[in-house]
Amino acid sequence: RALREAEEERRRRAEEEREAAERRRDDKAARAAARFEEKQREREVRERREREEEEVRVREHRERRTREDAELLKAQAHKHSKWITVYRNGDPLFGARRVMVSKRGTRTWDGLLDQLTKVVRPRNGAVRRVY
């Protein structure tokens with residue numbers, strides 16, 4: 001009888017240990033799932049904030065360029081001039097710019113390139129080609 005009780009006690013302890021191990025596994029899985037969800041939320045918030053910042057940056061850029069273009073158009077008004085539209089190659093955020101070209105203001109090709117450099121303001125140097 002004592003052997004049977006000892007065997008039963010051993011089985012009961014083994015069962016308790018299995019249950020405790022299963023609870024620990026479940027707790028560990030729940031913590032991992034919670035960490036994953038928290039990282040997911042943080043990533044979504046960060047991406048949303050980056051999108052909003054980009055939208056603000058693009059809007060400010062467009063507004064600034066519009067004001068500068070209006071000032072430039074007023075300053076360059078001349079009767080015997082031609083207007084050209086220029087773009088910055090490969091830059092989707094850079095809208096079209098209208099530039100007045102006149103014989104009086106632009107006598108040489110280099111002068112025109114200098115004028116376009118001031119208007120377009122390329123990221124790497126000066127305007128070298130016109131397409």
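Among the elements of the protein, helix α2 has the highest mean pLDDT (87) and strand β2 (residues 97–102) the lowest (82); pLDDT is the predictor's confidence in each residue, from 0 to 100. Helices (H or I, at least four residues) and strands (E, at least two) are DSSP runs, numbered from the N terminus. The average pLDDT of the protein is 84, and 93% of the residues score at least 70. The model is predicted, so local features need pLDDT of at least 70 and side-chain atom pairs count only at pLDDT 80 or more, while totals for chains, interfaces and linings use all residues. Residues are numbered from 1 along each chain as its sequence is written, and side-chain values use heavy atoms, with hydrogens and water left out.

Beyond its neighbours within four places in sequence, Phe-94 is in contact with His-61, Arg-65, Val-86, Tyr-87, Arg-88, Val-119 and Val-120, contact meaning heavy atoms within 4.5 Å.

Asp-91 lies in the loop between β1 (81–86) and β2. Its relative accessible area is 12%, and Asp-91 therefore counts as buried (under 20%; exposed is over 50%, partly exposed in between; 1.4 Å probe, protein chains only). A polar atom of the Asp-91 side chain lies 3.1 Å from the backbone nitrogen of Leu-93.

Key
Polar contact = N/O pair within 3.5 Å; in protein donor to acceptor, adjacent residues only side chain to side chain.
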